[in-house]
Amino acid sequence: MSESFDLVVIGGGPGGYVAAIRAAQLGMSVACVEKRTTLGGTCLNVGCIPSKALLQSSEKYAEAKHGLAQHGVKLAGVELDLPAMMARKDKVVGDLTKGIAFLFKKNKVTHVAGTATISAVGEVTVKAADGKASVLKAKRILIATGSDSMPLPGVAVDETRIVTSTGALALPKVPERLLVIGAGYIGLEMGSVWGRLGSKVTVVEFLDRITPGMDLEMSQQFQRVLTKQGMAFRLGTKVTSAKPNGASVAVAIEPAKGGAGETIEADVVLLAIGRRPYTEGLGLDALGVARDNRGFITTNEHFETNVPGIYAIGDVRPGPMLAHKAEDEGVVAVERMAGVKGHVNYDAIPGVVYTWPEVATVGKTEEQLKEAKVDYKVGKFPFLANSRARANAETDGLVKILADAKSDRVLGVHILGPDAGTVIHECAIAMEFGGSAEDIARSCHAHPTLNEAVKEAALAVAGRAIHV
């Protein structure tokens, strides 16, 4: 088989499938190659979506077991049905993957199952599961192959007792002791899931803080909240090995700055120290596609590599490894191919940790502003003083707004609190339009809502918050 297309997209994850659909809307003939049997990539199959399904289910279990009595709802004999919880998660994933397949058919995108190699400029060879190969000719090729879990020397993943996020989404029973290596978004989310379901969770982090890159004040408050929930932290500590030891796993740790080591026993170990670009088998070296020293593909402002006709978006490029960043890049990349103007504002891409409470951020941290010697003002407002948070019995956390000291333009917003991932988006829109703290403060917010905390934090930038 040999077919010709205007665009061949390699990877059916959020960046790839969105780019394919948008390209088809723009009149291109498009094929999308995906090696999984289902579309959606890591995010939909073994990442964002199944983890959020488990986070939601585990929140409901924890609330039923520990949180409803204060609302006057008394329950007896609350039991965990883990197989049912996992089945619901799988159904959510299955329904959404079928939805993408439907969208491909609706938009006349050709779905090609198999593993892709760029065999030449303008040519993609696809090897199907049965070993048969086919060739796709393309005017342009877009790489959207995403990322995979970062390995750690001395920690051999078997996805049974020593797992990545993939294995952590499918454990057959609740581990009595879960040790998480890495205090980033993924480790804390999955640690929260299993902690709510009954695991004793210990997080080991090489740095002396959790969530590296997050605004430090928010990170410290976040750690206090998680500690209150029962999560234990070993910061400034490195893992040198993790080995099965009978029915458990022996994890050797030592201070990151040197010192005597010790061994911790766990039933399951989750390796979550980060992700790396996945470009294996694409043939990039043979083609001369440039990459940086961390393996990320380098591109120009049009997402085109140094090899004309080959483009890259998402996790294989530098920048935050976020599904929505990949989606936006995919849309803009194909729009520019079609001569349509588009842009990605990397200063207004929100990031969310979907624990409870959630943590959401957009823009610069205080540390980044200090390093750049930017003169800024800070406005803060605690959810403890927010009427809706009080009514909901969800008062942990705060809103923090950073604004330019002269222009008042919003430079960064950081929220720890209930539904922070939803609340952050009014701030992202304000920043996209170059809005000021005054703009947010003078926008009428419905009462009582959690978003009133944003308005109060914006008022606090000018020292005129009302409810504190």
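How far does helix α1 reach from its first C-alpha to its last? I get 16 Å for its 12 residues, 14-25, close to the 16 Å expected at 1.5 Å a residue. The expected span is 1.5 Å times one less than the number of residues. I take helices (H or I, at least four residues) and strands (E, at least two) as DSSP runs, numbered from the N terminus.

Ground rules for the entries: the model is predicted, so local features need pLDDT of at least 70 and side-chain atom pairs count only at pLDDT 80 or more, while totals for chains, interfaces and linings use all residues. Residues are numbered from 1 along each chain as its sequence is written, and side-chain values use heavy atoms, with hydrogens and water left out.

**Burial of α1.** I looked up accessibility next. Buried means under 20% relative accessible area, exposed over 50%, partly exposed in between (1.4 Å probe, protein chains only). In α1, 10 of 12 residues are buried, including Tyr17, Val18 and Ile21. Just after α1, glycine 27 takes a positive phi of about 95°.

**Strands.** I count two strands as paired if DSSP finds at least two bridges between them. β4 (115-120) and β5 (123-127) are antiparallel over 5 bridges. Threonine 115 faces lysine 127 in β5. Their hairpin has 2 residues between the strands, and glycine 122 in the turn has a positive phi of about 85°. β5 also joins β6 (133-143) by 5 bridges, again antiparallel. Here glutamate 123 stands opposite lysine 137. The hairpin of β5 and β6 has 5 residues between the strands, with glycine 131 at a positive phi near 90°.

I used a 1 Å grid over the protein atoms alone. A cavity is a set of points where a 1.4 Å probe fits but cannot get out; a pocket is an open set with protein on both sides within 12 Å along at least five of seven lines; lining residues have an atom within 4 Å of a point. Volume is the space filled by probe spheres set on the points, which are joined across faces, edges and corners.

The second largest pocket has a volume of about 950 Å³. It has 35 lining residues, and those closest to its centre are Glu59, Ala62, Arg196, Gln229 and Trp356. Helix α3 gives the largest share of the lining, 11 residues.

How many cavities of 30 Å³ or more does the search find? I find 1. The largest cavity holds about 40 Å³. Its lining includes Ser149, Ser165 and Arg275.
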